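Student: I would like a close look at a single part of this model. Please keep it brisk.

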Amino acid sequence: MPSRIAQALAVLSTGLLAGAFAYALVSVVPTFDAVPLDVHLQYRTALMYMNGIFMQALMAVSLLSSFWLAITLRVAARWYAVAAGVLALTSLLVTRFGNVPINGKIKTWSSSLPPDHAEILQRWEVYHDIRTATAVAAFVLLIVLVDKTRRVTAASAR
C-alpha cells in the first residue's frame, strides 16, 4: 500500500511539475517576448508572487515522493525512481540557484533597467529550459517505472 501511495504521489506531482514548466516554455515565455518590456516585467513580477511558493513546494514533493517510491519498491525498477528524484532535485536546484536570483534582480527593475537586462533575461530562459527538461525527464522515467512494475506484477500473478 505505501508503494501505491508513493507511486501515485510521485507521478502526480512530477507530472504537474513537468506540465507547468512545459506550459511556461511554450506559452508564457513566448508571451513575454510578444508584449512591450514594461508589460513583460510587470507580468513576470506578478507571476513570481503567484508561483513562487507553489512551484518550489511542488518540486520538493516531486523529489521526496520519487525517493519515497524508490525506498518502497522491491524491484530493479526502483532505479528509475531514484533517477527521477535526482532529476527533480536538479530542477529544484536550478530554480533555487539560477532562476530565483534572477527573479530577485528583476523585481528591482521597476525604476530602471540595467544595461545587460536582455542578457539576464536570456540566462533566465536557459535555466528554465534546463529545469523543464529535467522535470519532463523525471516524469517520463516515472511513467516507464509504472509500466515496468505493472509488467512485473502481471508476470508474477501468472
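Student: How far apart are the end C-alpha atoms of helix H1 (residues 2-34), and what should its 33 residues span at 1.5 Å a residue?

Tutor: A note on the source comes first. This is a predicted model: local features need pLDDT of at least 70, side-chain atom pairs count only at pLDDT 80 or more, and totals for chains, interfaces and linings use all residues. Residues are numbered from 1 along each chain as its sequence is written, and side-chain values use heavy atoms, with hydrogens and water left out.

Now H1. Helices are DSSP runs of H or I, at least four residues, numbered from the N terminus. The end C-alpha atoms of H1 are 47 Å apart. The 33 residues should span 48 Å, so the two values agree. That expected span is 1.5 Å times one less than the number of residues.

H1 also bends, by about 45 degrees at alanine 24. The bend is the angle between axes fitted to the seven residues ending there and the seven starting there.

Ala24 also belongs to the largest nonpolar core, a set of twelve residues. Such a core joins buried Ala, Val, Leu, Ile, Met, Phe, Trp, Tyr and Cys residues through side-chain atoms within 4.5 Å; buried means under 20% relative accessible area, exposed over 50%, partly exposed in between (1.4 Å probe, protein chains only). Val28, Val29 and Phe32 are also among its members. H1 gives the largest share, four residues. H2, H3 and helix H4 (117-157) each give two or more.
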